[in-house]
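My entries follow in the order I made them.

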Amino acid sequence: MQSNNKNNNFIGHVTILLSGAIGGQVVLLLVLPIVTRLYSPAVFGAVQSIDAIAQIVMVICALAYDRAFVVSDNEQDRNRLLVLSLIIATSTAMVGATATYVVLTSGEQSTYVAALPNAVLAILLLFIFLGRNMYFVLAAYLNSKSHFVDVAKSEFGRSLALASSRVVLGVVEGGVLGLLLAAVLGSVFGLHNLILKTIRLFKSGSTQAFDWAIGTTLRKYKEYPMNEGGGMLFGVLADRLPVLIMGFFFGAAAAGQYALALLVMNRPVGTIVAAATTVLRTYVGISASEKSSETFRLPMRKIGLIALIVTLILAPLALFSKALFSFIFGAAWAVSGLLASKIALRIFVVQVMQPILGALSANRKVLAVLFIQFVLLVATLLPLVVGPSILNLNMIETVSFMGSSVFLVGLAVVFVVVFYYGRAEPIRPS
């Protein structure tokens, strides 16, 4: 009965989670025209390259054990998973920050961080990576317990602090240091409420709710790091590696132009889809854990609703991006408008896939998730490498090649997955 009531409130819970996410994203997008006039495309691209690496590290920070929160068999398992995820998240943050520091101080982008003392750069990177990883794990934990309001508040606080910091520090400094400090401040404000709420929930459990038998939990939920962890990594690589590849082939300014196009096109629709997918995963996971049904069928009505919303948002953005970018963000960013129209088809397919992958994940169809994410990764990266290196395509042509590749391959994958998993089939026992 509990799971049925929650499913009846699907739209309401998505709205709650979106209230913070959309509010925060609106603030970020409203100040973006100011930010693009305070920071050059090259500086923006250099920091977005750091952000791309941080995003990659964030998704693998807990080796996907955080994804098992919604299918944990009991509160004891959930708390073990939390402690385990936080330990791994801290370790991967240190590794990611160290690797990024080495790349920044020894590569071509060292020009943009040369003015920063090495100690300052190292500390900022560590806080950025640690903040991202902690936020990722704690938000997943609270969402799995249906505390969507707390996550929404934290997301809004994080975005508000990030947006205001970018503007203030851009006026004062206007370089890489300003953007890095803004990222740290955003993480601090976002984490504050999540940490307090998680501590209260953890302590409120029974005395038997947690023990240190983490090795048992590692083995029990091993399919998540072995399969879904790889799928998640493939997904974020397909999303963030293009920024790094564009910077490698066409320079830091090109990375900045692409990053802005991706931000404007992907952020509004991605925020809505991420919230809907999070709630969908929670409901599907609860249903599977309670074994309230003998069969598993993709929730096609909810997935169809999400696909409709994606279409309604992306279509006008793609249609008017060329004319609006230079007017809104300044003449220096006109190229981003061209790139935005070229990546619209790719974003459409990727966002439609998110709720499908989330439902499969919650029912432990992790091998299917892994395979689908790998196919989309190949369809994304192959054109970006082949285009400039073999076919001698320019930046616009390369991005157009990538967008068409992902759209065609992704559309075929969507049809196959919906046909195969849209039919009723037995649920795998927990």
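**Entry 1: S187 and G131**

I began at S187, which touches G131, R132 and R158, not counting residues up to four places away in sequence. Contact here means heavy atoms within 4.5 Å. I note that this is a predicted model, where local features need pLDDT of at least 70, side-chain atom pairs count only at pLDDT 80 or more, and totals for chains, interfaces and linings use all residues. Residues are numbered from 1 along each chain as its sequence is written, and side-chain values use heavy atoms, with hydrogens and water left out.

S187 lies in helix α8 (residues 176–204). Helices (H or I, at least four residues) and strands (E, at least two) are DSSP runs, numbered from the N terminus. Is S187 buried or exposed? S187 counts as buried, at 9% relative accessibility. The cut-offs are under 20% relative accessible area for buried, over 50% for exposed, and partly exposed in between (1.4 Å probe, protein chains only).

I then turned to G131, in helix α6. Leaving aside neighbours within four places in sequence, G131 is in contact with S187 and L191. G131 is buried, with a relative accessible area of 7%. I also checked G131 against A93: they are 38 residues apart along the chain, and their C-alpha atoms are separated by 8.5 Å.

**Entry 2: α4 against α6**

Two packed helices are described by the angle between their axes and the distance between the axes. I looked up both for helix α4 (residues 75–106) and α6: the angle is about 155°, and the axes are 8 Å apart. Axes are lines fitted to C-alpha atoms, for helices over the stretch in contact, and angles run from 0 to 180 degrees between N-to-C directions. The two helices are therefore roughly antiparallel to each other. By the cut-offs, angles under 35 degrees count as roughly parallel, over 145 as roughly antiparallel, 65 to 115 as roughly perpendicular and the rest as oblique.

The crossing of α4 and α6 is right-handed. A crossing is right-handed if the near helix is turned clockwise from the far one by less than a right angle, and left-handed if anticlockwise.

**Entry 3: α3 against α4**

Next came helix α3 (residues 41–59). Its axis and that of α4 come within 10 Å and cross at roughly 155°. That makes α3 roughly antiparallel to α4. Their crossing is right-handed. Which residues make the contact? I50, I53 and V57 make it from α3, and T92, A93, G96, T100 and L104 from α4.

I moved on to helix α14 (residues 366–389) and helix α15 (residues 395–421). Their axes come within 8 Å and cross at roughly 165°. That makes α14 roughly antiparallel to α15. The crossing of α14 and α15 is right-handed. Among the contact residues, I listed A368, I372, V375 and L376 in α14, and T398, F401, M402 and S405 in α15.

N392 is found in the loop between α14 and α15. Most residues other than glycine have a negative phi. N392 has a positive phi of about 60° although it is not a glycine. N392 is exposed, with a relative accessible area of 63%.

**Entry 4: the cores**

How many residues does the largest nonpolar core have? The largest core has 106 residues, and those with the most contacts inside it are F129, L180, Y258, L260 and I343. A nonpolar core is a set of buried Ala, Val, Leu, Ile, Met, Phe, Trp, Tyr and Cys residues joined through side-chain atoms within 4.5 Å. Helix α6 (residues 118–144) gives the largest share of this core, 14 residues.

I followed Y258. Not counting residues up to four places away in sequence, Y258 touches P242, V243, M246, L339, I343, V399 and M402. A second, separate core of 16 residues includes L357, L360, L376 and V414.

**Entry 5: F148 and totals**

F148 lies in helix α7 (residues 148–172). F148 is buried, with a relative accessible area of 1%. F148 and V279 are 131 residues apart along the chain, and their C-alpha atoms are separated by 8.6 Å.

The protein has 15 helices and two strands. Of its 430 residues, 54% count as buried. Residues 24 or more positions apart account for 86% of the contacts with a separation of 6 or more.
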